[in-house]
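This report covers pockets and a helix of one model. The sequence and structure come next.

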Amino acid sequence: MAERAARSAQRQAAAFWQPHRRALAALALLALAAIAWQGQWAWVPQYARALLAGVGVSLAMLVGSVVLGFALALPLGIAQAAGPWWLRLPARSFCTMIRGTPLLLQLWLVYYGLGSLFPLIPEIRGSALWPYLRQAWPYGLFALTISFAAYVGEVMRGAFAGMPPGELEAGRACGMTRWQVWRRIWLPRAIQRSLPTLAGETVLQLKSTPLVATITVVDAYGVINMVRQNTLLTYEPLLLLAGIYLLLTLVLVLLLRRLERRLQPAA
């Protein structure tokens with residue numbers, strides 16, 4: 001089976017890399033190499049430390065929003081798949097509203113809405129949270145979290161609803177409680193079935209993190225934007241940023257594929 005799958009993957013790769021695609025890829029690489037060779041890169045050492053810090057902020061936004069968003073997506077998915085109407089309706093409305101509006105709009109509404117409301121509430125201004133709520137990153141993290149939760153909640157809804165009833169009935173026949181069936185059978189199998197889609201949503205979430213730069217969070221894109229303003233360069237900073245996100249995406253994809261292989265059921 002493994003050899004057959006490997007041969008199938010090789011045939012698919014050979015079918016994709018037709019001569020015209022190879023020529024286009026070669027031209028694109030040559031163009032990028034020419035731009036990189038002729039470009040002005042003297043600014044890189046000066047902004048290297050700030051760029052590394054910005055990449056750290058981007059990764060923190062990704063990890064935080066994915067972890068918190070997935071924790072919120074689980075009850076959203078189960079409420080839509082098997083909850084009563086008074087839970088299913090709000091969960092479905094939330095997912096529909098968030099998925100139906102642009103992330104940038106949500107980010108601005110959270111930042112300029114809540115960010116303008118909180119200073120008017122004395123209890124919040126006097127609380128221990130106020131030093132954090134004065135900054136922009138909590139609002140960016142919140143907006144990214146609810147966006148990820150809405151999309152993944154819909155993915156988990158389909159995974160929960162598509163579970164074969166026989167597996168759940170087998171768990172009940174073995175004397176498991178409803179909580180044990182959900183924790184040992186329903187949830188692990190739903191995650192296993194939806195893992196490829198979850199991996200794709202995580203990659204898309206990585207490419208959504210630059211939007212937080214629009215609310216003054218200094219992530220990787222925010223640093224590159226500062227470089228463009230200070231040096232009056234356009235192509236070189238953006239090419240470097242594209243290379244950084246491409247590298248992060250490749251590493252993330254490799255990690256997620258490895259996780260997917262580990263969680264696959266034994267043949």
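## Pockets and helix packing

The second largest pocket is lined by Ile78, Ala79, Ala82, Gly83, Leu168, Arg172, Arg178, Val181, Trp182 and Trp186. The model is predicted: local features need pLDDT of at least 70, side-chain atom pairs count only at pLDDT 80 or more, and totals for chains, interfaces and linings use all residues. Residues are numbered from 1 along each chain as its sequence is written, and side-chain values use heavy atoms, with hydrogens and water left out.

A pocket here is an open set of points on a 1 Å grid over the protein atoms alone where a 1.4 Å probe fits, with protein on both sides within 12 Å along at least five of seven lines; lining residues have an atom within 4 Å of a point. Volume is the space filled by probe spheres set on the points, which are joined across faces, edges and corners. Helices are DSSP runs (H or I, at least four residues) numbered from the N terminus.

In the second largest pocket, α3, α9 (165-173) and α10 each supply at least two lining residues. The largest share, four residues, comes from α10.

The largest pocket is lined by 15 residues, and Val66, Leu198, Thr202, Leu256 and Leu259 lie nearest its centre. Here α3 (44-82), α10 and α12 (235-263) each supply at least two residues of the lining.

For the classes in the table, Ala, Val, Leu, Ile, Met, Phe, Trp, Tyr, Cys and Pro count as nonpolar, Asp, Glu, Lys and Arg as charged, and the others, Gly among them, as polar.

| Pocket | Volume | Lining by class |
|---|---|---|
| Largest pocket | about 270 Å³ | 14 nonpolar, one polar, no charged residues |
| Second largest pocket | about 200 Å³ | seven nonpolar, one polar, two charged residues |

Val253 lies in helix α12. Val253 is partly exposed, at a relative accessible area of 24%; on this scale buried means under 20%, exposed over 50% and partly exposed in between (1.4 Å probe, protein chains only). Between the C-alpha atoms of Val253 and Val203, 50 residues apart along the chain, the separation is 7.4 Å.

Helix α5 (residues 103-117) has 15 residues. Its buried residues include Leu103, Gln106, Leu107 and Val110. Seen down the axis of α5, the buried residues fall within an arc of 100° (taken from the directions from the helix axis to the C-beta atoms), so they line one face of the helix. These buried residues of α5 pack against α4 (85-99), α8 (137-161) and α10 (178-208), where contact means heavy atoms within 4.5 Å.

Terms used. The expected span of a helix is 1.5 Å times one less than its number of residues.
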